[in-house]
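My notes follow in the order I took them.

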Amino acid sequence: MSFFNFAMPLFITITSYSLMEQKLGKSGHLQVNTTLPARTLLLGWGPYAILYLYAVIADVTSISPKLQMVPALIAKMVPTINAINYALGNEMVCRGIWQCLSPQKREKDRTK
């Protein structure tokens, strides 16, 4: 489970973004933070993978159920964090969000 749910996606993410960085770096259009998705995956799913490996080796009942839920909740937040990273990292998306939230834009639309 740790291999297919943690190690393999981490390897695919690191490999994909490394290749993308090489290709975009040659063309001079590197506008993406290529290490951020791998770091997010590592920090988000890492504690869950460690807890799972600990459960295989030792008795998990020594850890309180509330503490066992923390890594799972962190892992479930990763898709939301990825969406926020994408929105803030992409200039067009970020500009569109600010245009939607801008009160000046709304007042201009009302006068038309």
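Before turning to the record, I note that UniProt positions are given in the numbering used here, and that annotations may be inferred rather than shown by experiment. In the UniProt entry, which is unreviewed, I found residues 42–60 listed as "transmembrane region". I then checked that span in the model, which is a predicted one. It is 84% helix and 0% strand. The C-alpha atoms at its ends lie 22 Å apart.

**Overall fold.** I counted the elements next. The protein chain has five helices and zero strands. Along the sequence I read the pattern as α-α-α-α-α. The chain holds 112 residues, and 18% of them are buried.

**Helix H1.** I looked up H1, which covers 2–27. H1 has 26 residues. From first C-alpha to last I get 37 Å, close to the 38 Å expected at 1.5 Å a residue. Where does H1 bend? The bend is at Met8, by about 25°. A proline, Pro9, follows within four residues. I listed the buried residues of H1 as Ser2, Phe6, Leu10 and Thr13. An α-helix has 3.6 residues a turn, so residues three or four places apart point the same way.

**Helix H2.** H2 runs over 36–57. Its 22 residues should span 32 Å at 1.5 Å a residue, and its end C-alpha atoms are 31 Å apart, so the two agree. I found a kink of about 40° at Trp45. For burial in H2, I noted Ala38, Thr40, Leu41, Gly44, Gly46, Ala49 and Leu51.

**Cavity search.** How many cavities of 30 Å³ or more does the whole structure have? My search finds one. The largest cavity holds about 60 Å³ of space. Which residues line the largest cavity? I wrote down Met1, Ser2, Asn5, Phe6, Trp45, Tyr48, Ala49 and Tyr52. H1 and H2 each supply at least two residues of this lining. H2 gives the most, with four residues. By type, the lining divides into six nonpolar, two polar and no charged residues.

**Cross-checks.** I compared my lists. Ser2 and Phe6 are buried in H1, and both line the largest cavity. Ala49 is buried in H2 and is also one of the lining residues.

Key. Residues are numbered from 1 along each chain as its sequence is written. This is a predicted model: local features need pLDDT of at least 70, side-chain atom pairs count only at pLDDT 80 or more; totals for chains, interfaces and linings use all residues. Side-chain values use heavy atoms; hydrogens and water are left out. On a 1 Å grid over the protein atoms alone, a cavity is a set of points where a 1.4 Å probe fits but cannot get out, and a pocket is an open set with protein on both sides within 12 Å along at least five of seven lines; lining residues have an atom within 4 Å of a point. Grid points are joined across faces, edges and corners, and a volume is the space filled by probe spheres set on the points. Ala, Val, Leu, Ile, Met, Phe, Trp, Tyr, Cys and Pro count as nonpolar, Asp, Glu, Lys and Arg as charged, and the others, Gly among them, as polar. The expected span of a helix is 1.5 Å times one less than its number of residues. The bend at a residue is the angle between axes fitted to the seven residues ending there and the seven starting there. Buried means under 20% relative accessible area, exposed over 50%, partly exposed in between (1.4 Å probe, protein chains only).
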